[in-house]
Amino acid sequence: MSQRKPRTRAEAKARASRPAGKAAAPRSRGRKWLRRGMWTALVLFVLGVAGFGVAYAMTDIPKPNEMVNAQTSIVYYSDGKTELARLSDEGGNRVSVPLDKISPNMQHAILAAEDRDFYQNSGISPTGIARAVWVAVKGGQATQGGSTITQQYVKNYFLTQDRTVTRKAKEILISLKIDKQQSKDEILTNYLNTIYYGRGAYGIETAAQAYFGPKAHASNLTPAQSALLASIIRGPSLYDPTMGDTQRKNAETRSAYILDAMVAKKWLSPEDRAKAEFPKVIEYKPKALGGTGGYVVDLIRKELVTKYKLPEADISRGGLRIVSTIDRKKQAAAVEAIKDERPQEKDIHGGLVSIVPGNGAVVALYGGEDFAKRQLNNATQAKMQAGSTFKIFTLIAALQSEKVSTRTRFPGYSPQYFEEFADPGASNENSRRGRVKNFGDESFGDIDLLKATKNSVNTVYAKLNIEAGPENTMKAAQDAGVRSKLEPNMADVLGTDYVTVMDMANAYATIAAQGVRAEPYLVKQVKFADPTIPTIKAEPKTQQVFDKPLMSDVIDAMQQPVEGGTARYVGENLGRPAAGKTGTSESFRSAWFDGYVPQLATAVGLYRSNSKGKELSMEDLPSSGSITGGTFPTRIWTEYMKAALDGSKVVDFPEPAHINEDADPPPLPTTTRPPSTTSAPPTTSAPPSSSAPPSPSAPASPSPSNPLPTLPTAPPSSPAAQPTGVRPGTG
């Protein structure tokens, strides 16, 4: 076979030096495919450039979407038709000012925070666009991108806030055109005058006064003030320092980052940076939706921001159609029940939460009388000592230990003395010696755990917590869904921990669902004004945290208070099987009834406080007498549930499994009777903190083995330290 002539001198030399009989190795297929790939990429690039050029030429700069033309977002009840509320931006005030009336500090702060190369770039960020495309390719939404200020301006001023790839593409094309047609100063001015800063403030002039008072103006903002405002645009509810400790920490961290960046870009001297202290911010008094519905709408707003990551400006003016989980009939029943059955004293506050077991949908929530007047939500923020409602978690822990069954018997007389409850540092002798007594100092004989639950017998449950261990009681509460911070101590069985009504409603819903814990939620569905954006639909997050046989025995025990026990009012008036537990904390500072039927769990909590938030006793009140869990909370719960369940099917509870029936009974307490036949007069030990008010608090972090996200709440505050001393009887 003839060979072609060598094309070059080098090829001829290589052929001449090749050993006889050795033919040249064929060119690899890989190299051939590489060349073809390079040509293909080049062709695609050329076509892409051509296509981009066509798209660029055909894209017009739209007329600005002025704030006055924004669409109001609407919240509906769970039926998706009946309006619950209309969301507004609380006025949407905006005052435009020229760039020379905006402090250079503010200009530099926004550049340091959002786009340090603003005056050098072409209006887009290629690396940010690449990230957005990559997310879209993987199936996500085009929310990534590290947008330039020009892109953000286009998104906020010219386009809708949807998060599709199509909108991102339009944003890029318009940003390029804007960058060619407008000066950088003009773009920056428009951006600062249109962006949303929270507090109903659009634009830098309005924002300056919203955060720093009427004497503040865009022209005189300090470096520290400017850095804070540049931080807040990321998410006002996450960075407004007056909204809580977490938000303040976020704002301080972000502000420091921006100030350091200003120094790095030589926009701020190190000396001025050292002088820049975190600014004082005026308290925000929102034009809140009034009445009881305001508490619900506030929680829905927070859920949209924290869970679904929707911009707050969109929530107010993006034309969203939000379907809540709130059932109109049940919500009205909750408001009516509290109105009709609450104590007459004006300084007593109540909260109610009603949840679908095994799903987490909040169908009714009462946080207070008027959100416009009092923003503290009694259902999700106010914290109260749990009282005897916490005994159920000790029962769960004890049954899990396999040491006892619900038929195990304990001595129920009062008082009893337990070394494990002794507090050597207490000023009271009875507390030092570990004295525990029953409510009203009532004594019982040897009784099983069913009767002890029925009558809320403290001396029995104190012994039970010794057997179960307070750490396991705490873990059972957390597993069930309590997200407030808990402190494991021997007296936690008697409700020394401070919890929210939402905590207890969710935890009892877990029991009602036979051990299936669900994440509480209030947003059922979100539709966008742009029909091309997919509708958000809530997906319940559930986990089986307790075994069904265990739960059947706990449910059996919890029916006892209703059937002639401390909550007999329920059994006499509800007209269907129910289970639950009363609770009254020490010195009558709080009163509870938390209970359920198989298809609905509801918690009711009452507490009393003065105008400064200090806890007050509810004992021997002029109009209401002494308020316990078996009085007003039980009546409120019953009247609500009667209306809420009207017309619904009567569902029976599961039959008890009677687990651990072969367990050996635990030994009797080391010391069970007082040292003499003459009992000391009834005394009470010091409370955890006589001045610890029901405080706004975020849910505590879930245990690593049982993570559970929760509705966005108010900022955390440290609960009072819990002693290990003796607790008096509660019911």
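Visitor: How many bridges join strand S5 to strand S15?

Guide: Strands S5 (residues 321-324) and S15 (residues 523-527) are joined by 4 bridges and run antiparallel. Strands here are DSSP runs of E with at least two residues, helices are runs of H or I with at least four, and both are numbered from the N terminus. Two strands pair if DSSP finds at least two bridges between them.

Visitor: Before we go on, what sort of model is this?

Guide: This is a predicted model: local features need pLDDT of at least 70, side-chain atom pairs count only at pLDDT 80 or more, and totals for chains, interfaces and linings use all residues. Residues are numbered from 1 along each chain as its sequence is written, and side-chain values use heavy atoms, with hydrogens and water left out.

Visitor: Thanks. Back to the strands: which residue in S15 is the bridge partner of Ser-324?

Guide: Ser-324 has Val-523 as its bridge partner in S15. S15 is also joined to S16 by 2 bridges, and these two run antiparallel. There, Val-526 stands opposite Ile-536 of S16.

Visitor: What is the order of the strands in the open sheet?

Guide: The order is S2-S1-S5-S15-S16, so named for 5 strands with mixed pairing. At the edges are S2 (83-87) and S16 (536-537), each pairing on one side only.

Visitor: Which helix packs on the sheet?

Guide: That is helix H13 (residues 293-306), which touches strand S1 (73-76), S2, S5 and S15. The direction of H13 makes about 60° with that of S2. Touching means contact, that is, heavy atoms within 4.5 Å. Axes are lines fitted to C-alpha atoms, for helices over the stretch in contact, and angles run from 0 to 180 degrees between N-to-C directions.

Visitor: New topic. How do H3 and H11 cross?

Guide: The axes of H3 (residues 104-114) and H11 (residues 245-264) come within 9 Å and cross at roughly 105°. The two helices are therefore roughly perpendicular, a label for 65 to 115 degrees; under 35 is roughly parallel, over 145 roughly antiparallel and the rest oblique.

Visitor: And which residues make the contact?

Guide: H3 brings Asn-105, His-108, Ala-109, Ala-112, Ala-113 and Glu-114, while H11 brings Arg-254, Ile-258, Ala-261 and Met-262.

Visitor: What about H20: how many of its residues are buried?

Guide: In H20, 8 of the 11 residues are buried, so this helix is largely enclosed by the rest of the structure. Buried means under 20% relative accessible area, exposed over 50% and partly exposed in between, using a 1.4 Å probe and protein chains only. Among the buried ones are Pro-470, Thr-473 and Met-474. The buried residues of H20 pack against H16 (391-400), H19 (458-468), H21 and S14 (516-518).

Visitor: Is Asp-492 buried or exposed?

Guide: Asp-492 is buried, with a relative accessible area of 0%. Beyond neighbours within four places in sequence, its contacts include Phe-390, Asn-465, Pro-470 and Thr-473.

Visitor: Last one: how many residues are in the largest nonpolar core?

Guide: The largest nonpolar core has 95 residues, and Tyr-596 is one of those with the most contacts inside it. Helix H21 (residues 501-512) gives the most to this core, with 9 residues. A nonpolar core is a set of buried Ala, Val, Leu, Ile, Met, Phe, Trp, Tyr and Cys residues joined through side-chain atoms within 4.5 Å.
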